[in-house]
Amino acid sequence: MASIMFSEAFTAIFCFIILCVLLFKKPHDILLRNWPVLGMLPGLLVEFHRIYDFSVEILRSSNLTFTFKGPWYSGMDMLFTVDQANIHHIVSSNFSNYTKGPDFKEVFDVLGDGILTTDSELWKNLRKASKVMFSHQEFRRLLMSTTRRKIKEGFIPLFNHLAEEGAVVDLQDVFVRFTFDTTLVTVTGSTDPRSLCVEMPEADEFAKALNDVGEGIMYRHVKPRFLWKLQRWVGFGQEKKLSKADATLTRMCEQFISAKREEITQNSNHEAADLLTSHMKLDATKYNLLNPNDDKFLRDTMLSFILAGRDATASALTWFFWLLSENPQVVTKIRQEINTNLQRTNGQERPHYDDIIECLNKLDYLRSALYEAMRLYPPVPFERMTPVRPDLLPSGHKVDASMKVLIFLYALGRMEAVWGQDALEFKPERWVSKTGAFIEEPSYKFFAFFGGPRSCLGKHLAMNLMKTVVVEILQNFDIQAVKGQKIEPATGPILRMKHGLRVTLTKTCSS
Ligand code: HEM
C-alpha cells in the first residue's frame, strides 16, 4: 500500500517537473520559482545531477546569497551563501550559533560520536585530544615515513609496470588506495592493507565497507528523510548495504582495538605514535567526556580519521593531476622549482625528517598550484550548518533555527566577485605576489580546509603528503590523461570524479 502511494506521489511530482521544463525554457526560472506546497523543490530536483555547476549559476546571479524555500512544513528551507562576510560570521565570529546539528549526525550515524559529527562539549574534548596528537613530532614522522614507504614500495613499482606495459589506469583509484593504506597505518600503527601494488587487488572488506558507507550517505542526502528511514527500518536496498558496512567496520575496528590492547599489555614500554595508541593512552583526567577504555569511543575516533584522511586527500590529488595534464606549462614550472630546491634530500636513502619538511616548505609554486586546484575543485564541496538561534547575516539575510545554512565551496572558488574575472581559469600565479612571495588568502576566501575553530586539523600534514607525492611522481613520470574521456564531478559529500581519471604513464627522460 505504502509503495503504491509513493509511486503515485513520485509520478505526480515527475509529471509536474516535466511540465515545468516544457513551460520554462531556462532552468533558473524553475528553481527560482516558489510554487505553492512544493516550494522550489521541483527545480532543485531537475538540476540535482549538476548541482555544483547549478550552485555557481544561482549564487552568481543572486549576489552570492540565495534563500531556498522547501515544500511547506518539510523543514527543507535553506540559505546558500558564498559571501565572504557571511562565511566569516558563520564559522568564526558567531561560531557558537552554528552547529552540525542533530540531522547531520543522523545522516552520518555510521561515524557515531566522532569529531566530524559532534557538537558542543563533546566536540571540544575530541578536538583538544586530537590537537595534542597532531602536535606530536612522532605522529607526524609516522605519517611522513609511511607516505615515503608507500611511494617507494607502492607507487613507483606500479607506475614502472604501467609505463612498461603502456597500460591505462584510473588515477583516482590509485590515489584512494594510496591514502587508504597510509591512513590505516597511521591509525593502527601496523595494519597495512597493501591495496596499492602492481596486482591492484579487489578492495578488501574494510575498504569495500568504507566505499559502501560513502555511497549510502550520499543517497541519504538526496532522499527524503522519511524514505531512507523507512528503508533502514525495513532493511532494504541502499540502507541494507549501509547497515552491513557499518557492522563490518565495527567488527574490524574491534579487532584492531583488541590487537592494540594486547600489544600494549605485552610491552609496557610501548611508545607507538599511532592514533589508536595515542587515544588509548589519553590522560582521562583532562577530558571529562572521553573514556579511553571505551571501545565505542575508539571505534568512532578511528573511523572519523580514516574518512577525513582518505577521501579528501585522494580527491585533491586526482583533480590536481588532471589540471596538470591540461596545463603542461605548470608542470614545467613545478619541475624547475623541485630541481632548484630538492638537492638536499635527493638520493638519500633515508633523509632526516626535518630536512624533508624544510625542503617541502620551499616549494611555494607547488603549494600555489595545489591551492589553485582545491580552489576550483574543493575536496569537500559544500558545508552544512544548523543555526541554534535566529540570526541576521552581514549580507542582511535572516536565518531562523529551522533552516540549514549551506556554504558552497565549489561555487565560492568560481565567483568572479571573489576571485576576479579570470576566476574560472587554473592559474597558480594568482597565489604569487610581485616579489615572488606566496599570497596567503583568508580562510573565508580560500575555504577548502574550512575556517575558524572547526578548521581541518590535518591541513599541514595533508599538504606535506600531497607535495611529497607530486614531487616523486613528477621526478619520475609524465602523466597523460586519456583523450576524449568525460570529466565531471559526482554528486556527493566528497568531490570525486564521476567516471574516474584514466591516464597513461611514461618514464621521464631523467629518471
Ligand atoms: C586535501 C586534504 C584535506 C582537505 C581539503 C580537508 C578539508 C577538511 C574540511 C573542509 C573539514 C571540515 C569538515 C567539516 O567539519 O564538515 C575538515 C575537517 C577535519 N579534517 Fe581535513 N581535510 C584534508 C585532509 C585531512 C587529513 C589528511 C586529516 C588527518 C590526518 C584531516 C583531519 C581532519 C579532522 C580531524 C577534521 C575535523 C575537525 C573538527 O571538526 O574539529 N584532514 N577537513
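This is a predicted model: local features need pLDDT of at least 70, side-chain atom pairs count only at pLDDT 80 or more; totals for chains, interfaces and linings use all residues.
Reader: Why is F155 called buried?

Author: F155 has a relative accessible area of 2%, and buried means under 20%, so F155 is counted as buried. Its place is in helix α8, which covers residues 137-165.

Reader: What makes up the surroundings of F155, leaving aside its neighbours within four places in sequence?

Author: With those neighbours left aside, F155 is in contact with K150, V174, F175, F178, L196, V469 and I473, where contact means heavy atoms within 4.5 Å.

Reader: Why are α7 and α8 called roughly perpendicular?

Author: Helix α7 (residues 120-135) packs against α8 at an angle of about 70°, with the axes 5 Å apart. Angles of 65 to 115 degrees count as roughly perpendicular, and therefore α7 and α8 receive that description. In this packing, M133, F134 and S135 of α7 meet Q137, F139 and R140 of α8, and the residues of the contact divide into 3 nonpolar, 2 polar and 1 charged.

Reader: How do you know that α8 and α16 are also roughly perpendicular to each other?

Author: The angle between α8 and helix α16 (residues 353-361) is about 75°, with their axes 11 Å apart. Since the range for roughly perpendicular runs from 65 to 115 degrees, the conclusion is that α8 and α16 are roughly perpendicular. On the side of α8 the residues are Q137, R140, R141, M144 and R148, and they meet Y353, D354, I356, I357 and L360 in α16; by class, this contact has 5 nonpolar, 1 polar and 4 charged residues.

Reader: What makes the aromatic pair of Y52 and Y410 tilted?

Author: A search of the whole structure finds 29 aromatic pairs, and one of them joins Y52 and Y410, with 5.4 Å from centre to centre and 45° between the planes. Rings pair if their centres lie within 6.5 Å, while planes under 30 degrees apart count as stacked and those over 60 as edge-to-face, so that the rest are tilted; the value of 45° for Y52 and Y410 belongs to that remaining class. The pair links distant parts of the chain, because Y52 is in helix α4 (residues 51-61) and Y410 is in helix α18 (residues 409-412), 358 residues apart. Both Y52 and Y410 are buried.

Reader: How do you know that R414 is close enough to count as lying over the face of Y410?

Author: R414 is at 4.1 Å from the ring centre of Y410, and the limit for a charge over a ring is 6 Å, together with a position within 35 degrees of the ring normal. R33 likewise lies over the face of W35, at 5.0 Å from the ring centre.

Reader: Why is R177 called buried?

Author: The relative accessible area of R177 is 11%, and the cut-off for buried is under 20%, so R177 is buried. R177 has its place in helix α9 (residues 171-188), and, leaving aside its neighbours within four places in sequence, it is in contact with S195, L196, M200 and P201.

Terms used:
Residues are numbered from 1 along each chain as its sequence is written. Side-chain values use heavy atoms; hydrogens and water are left out. Helices (H or I, at least four residues) and strands (E, at least two) are DSSP runs, numbered from the N terminus. Buried means under 20% relative accessible area, exposed over 50%, partly exposed in between (1.4 Å probe, protein chains only). Axes are lines fitted to C-alpha atoms, for helices over the stretch in contact, and angles run from 0 to 180 degrees between N-to-C directions. Angles under 35 degrees count as roughly parallel, over 145 as roughly antiparallel, 65 to 115 as roughly perpendicular and the rest as oblique. Ala, Val, Leu, Ile, Met, Phe, Trp, Tyr, Cys and Pro count as nonpolar, Asp, Glu, Lys and Arg as charged, and the others, Gly among them, as polar. Rings of Phe, Tyr and Trp (its six-membered ring) pair if their centres lie within 6.5 Å; planes under 30 degrees apart count as stacked, over 60 as edge-to-face and the rest as tilted.
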